[in-house]
Amino acid sequence: MSEISPEIQKLIDERVQEALKGAGVPQRKNRLALIASQGKLDAAYPPLIIASTAAAMEMETAIFFTFYGLYILHKKRGANLQVPPIANPAMPIPMPNIIGMLPGMTPMATMMMKSMFNKVKVPSIPELLEMCVDGGVRIIACQMTMDAMGIKKSDLIDGIEVGGAATFLGYASESSISMFM
């Protein structure tokens with residue numbers, strides 16, 4: 001199966017938007033809305049890689065960091081995210097849960113992942129965050145979660161905004177792509 005050329009895809013997209021507009025369906029903007037809810041190293045990469053890539057593709061992009069996802073933005077904790085091996089069957093070296101519970105296994109799994117990523121030159125979490133901020137990605141920290149967890153805006157990296165679910169939903173409601181990660 002051959003791929004559709006970008007020019008043809010653009011024409012198709014325009015026609016689809018015209019048809020939807022004629023049917024009374026509101027037009028979606030070329031924007032991406034992501035929710036980051038986990039504070040583990042292996043869960044921090046996907047929203048940041050997708051957001052920085054979307055921004056590089058000139059898509060308007062926002063990430064809503066809520067619950068433990070806020071720790072990705074934390075000045076102290078964000079640089080020290082870990083990979084817990086317990087109940088993670090996708091670990092490169094399969095191990096029974098009992099092994100993952102041994103002292104030192106989480107730091108070892110974290111070291112393994114960082115080493116694998118360094119070998120193929122994947123940017124670190126702080127580097128990806130900087131790329132997102134510099135690329136114009138809208139970084140929204142959940143106010144309710146900050147209040148519940150006692151996190152202050154000064155605890156988080158610079159270049160972010162604080163908002164609630166309504167802030168994010170207002171953005172996401174006009175997005176062509178929304179993802180929960």
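In this predicted model, strands β1 and β5 pair in the parallel sense, and 5 bridges hold that pairing. The two strands belong to an open sheet of 5 strands, whose order is β4-β3-β2-β1-β5 and whose pairing is parallel. The points below follow this sheet from strand to strand, and then turn to the helices.

**The sheet as a whole**

- At the edges of the sheet lie β4, which covers residues 161-163, and β5, which covers residues 175-180, and each of these strands pairs on one side only.
- Neighbouring strands of the sheet are turned against each other by 25° on average, if direction is ignored.

- Strand β1 runs over residues 29-36 and is mostly covered, since 6 of its 8 residues are buried, where buried stands for a relative accessible area under 20%.
- Towards β5, the residue I35 has F180 as its bridge partner.
- Towards β2, with which β1 pairs in the parallel sense over 6 bridges, the residue I35 stands opposite F64.

**From β2 on to β3**

- Strand β2, made of residues 60-65, is joined by 4 bridges to strand β3, made of residues 138-142, and the two strands run parallel.

- The axis of α2 comes within 9 Å of the axis of helix α5 (residues 125-134), and the two axes cross at roughly 25°.
- That angle makes α2 roughly parallel to α5, because angles under 35 degrees count as roughly parallel.

**Helix α1 and the residue after it**

- Helix α1, which covers residues 6-22 and so has 17 residues, reaches 24 Å from its first C-alpha to its last, and this is close to the 24 Å expected at 1.5 Å a residue.
- Just after α1 comes G24, a residue that takes a positive phi of about 85°.

Note on methods: Residues are numbered from 1 along each chain as its sequence is written. This is a predicted model: local features need pLDDT of at least 70, side-chain atom pairs count only at pLDDT 80 or more; totals for chains, interfaces and linings use all residues. Side-chain values use heavy atoms; hydrogens and water are left out. Two strands pair if DSSP finds at least two bridges between them. Axes are lines fitted to C-alpha atoms, for helices over the stretch in contact, and angles run from 0 to 180 degrees between N-to-C directions. Buried means under 20% relative accessible area, exposed over 50%, partly exposed in between (1.4 Å probe, protein chains only). Angles under 35 degrees count as roughly parallel, over 145 as roughly antiparallel, 65 to 115 as roughly perpendicular and the rest as oblique.
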